[in-house]
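Dear colleague,

I am handing over the structure we spoke about, and you will find it just below. My notes on it follow.

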Amino acid sequence: MRIKSALAVAAIVAMAAACGSGGGGDAAEPAKSGGEPVKLNFLSLAWQKESVAANKELVDAWNKANPNIQVTYVQGSWDNVNDQLVTSFEGGDAPDVIHDDSPALSGFASRGYLLDLKDKVPAELKSDIPQSAWDTVTFEDGKGNQGVYGVPFLQESQVIIANKKLLDAAKVRVPTVDSPWTWDEFAEVSKKLTKGETFGVAWPMKSPVNKTLNLALNFNGTFFQTGADGKTTVKVGAEEKQVLQRIHDQLYKDKSADPSALGMGTADPLPGFFGGKYALLPVGVYLRQQVVEQAPDGFEWVTLPPMKGETANQGAVSQTLSVSADSKHPEESIKFMSFFLNGPNQAKLAKGDWLLPTSQKAAADPSITTEENGWDVATASAKNLVVAPFLKVNGFDEWKSKVATPTLQQYYANKISLDEAAAKLVEEGNKVLERYSS
């Protein structure tokens, strides 16, 4: 879902240690008069300093207000967390409450690792989160039944971070939430901003798949289709080719994008951005934090809304909280989750992670609708988020790593044609998906 920073603490060690200290044994029975409190383990994957602080603050607040239900904060890492979780699920010592992201939930749900929350989420929390977000956590179990396997609480959208002085000097139209740039305008503006040693735009494509697939929805490109037989195949037609071709044109036809940025991770172009090498960065909303922290004194920047094609839609993936199916205290876990993800608390979590809350109450909080650091533009972009097309495709992870990533890297590097890229994505991709067909 976003750039993940490795943490020094190995999640599997932390989980095992925490679970061994009362996560699911006899000592964690409901509190009775004079007895021990219920003990829950909460695996958090927060990694940014502000985010970790917000998570721990909320856990402390819960523990002070609920002496009979005590939560242990377990620090995990996004690095290999899903492999580590499988180990803990199989070993019977999984945390009670689990932080993850929605693409991971499908496989866990089909294996029976997660509790179906469909009829268990309190009405107030359920109604505060729009159905489009709930759709990101709705999957089939191993028996073909639809269930809700997490509570979605943070999402990412794409925005444009721009060098204000370069925009002003070029005298281009500055887009607004109500009137964003079209992709054609974006291309023209990028050309106007390309001057001397300055490129109009940098496209960091070290990990190109999610960005490409999410932006493809601007032109109704889905990359996957499901037939009447329920079989999913890869689709790369005119709609899917739009964004691919437009980015390629900026690189090699307009020469308004720097080819040397292709191998970079999302944050890698920032030094060049601050130095005037790049005027525009189409990136995830969370990168605003690093701009705030790293920008030199006097550097002026603005957050602009994302480009619009036939639609302004972008693919949504949610960060989630789930409950282990083997938790001995599911009701208490859900109570804690409901507190942790209420409107005011989601606002704190969104601020800490520089992401977008799913809570409608949180989205109206003044702290994340302010113009400062582009929060107003970032929060407004949430209205265009729809279920990511790949979210429910069995075999997507393997297709992404073995087929799509190398193919898109080759295409963006101008080593293969668009038709060759499309053929590889479809032909090699369908061989992967075939193995996941039931």
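**The second largest pocket**

Please keep in mind that this is a predicted model. Sorted by class, the residues that line the second largest pocket comprise nine nonpolar, six polar and one charged. The lining is made up of 16 residues, and those that lie nearest the centre of the pocket are P130, S132, Q155, T358 and A382. Helix 6 (131-134), helix 15 (360-363) and strand 16 (385-387) each contribute at least two residues to this lining, with strand 16 giving the largest share, three residues. The volume of the second largest pocket is about 200 Å³.

**Helix 17**

Helix 17, which covers residues 396-412, has 17 residues, yet its end C-alpha atoms are only 21 Å apart, whereas a straight helix would reach 24 Å at 1.5 Å a residue. The helix bends by about 40° at A404, and a proline, P406, follows within four residues. A404 is itself buried, and other buried residues of helix 17 include F396, W399, L408 and Y412. Among the elements that cover the buried residues of this helix are helix 10 (238-252), helix 18 (418-434) and strand 9 (224-226). After helix 17 comes N414, which has a positive phi, near 70°.

**S190**

S190 lies in helix 8, which runs over residues 183-193. With a relative accessible area of 0%, S190 is buried. Leaving aside residues up to four places away in sequence, S190 touches G200, V201, Q250, S256 and L280.

With best regards

Methods. Residues numbered from 1 in each chain as written. Predicted model: local features only at pLDDT ≥ 70, side-chain atom pairs only at ≥ 80, totals over all residues. Heavy atoms only, no water. Buried < 20%, exposed > 50% of the residue type's maximum accessible area, 1.4 Å probe, protein only. Contact = heavy atoms within 4.5 Å. Expected span 1.5 Å × (residues − 1). Bend = angle between axes of the 7 residues up to and from the residue. 1 Å grid on protein atoms, 1.4 Å probe; cavity = no way out; pocket = protein on both sides within 12 Å on 5 of 7 lines; lining within 4 Å. Points joined across faces, edges and corners; volume = space filled by probe spheres on them. Nonpolar A, V, L, I, M, F, W, Y, C, P; charged D, E, K, R; others polar.
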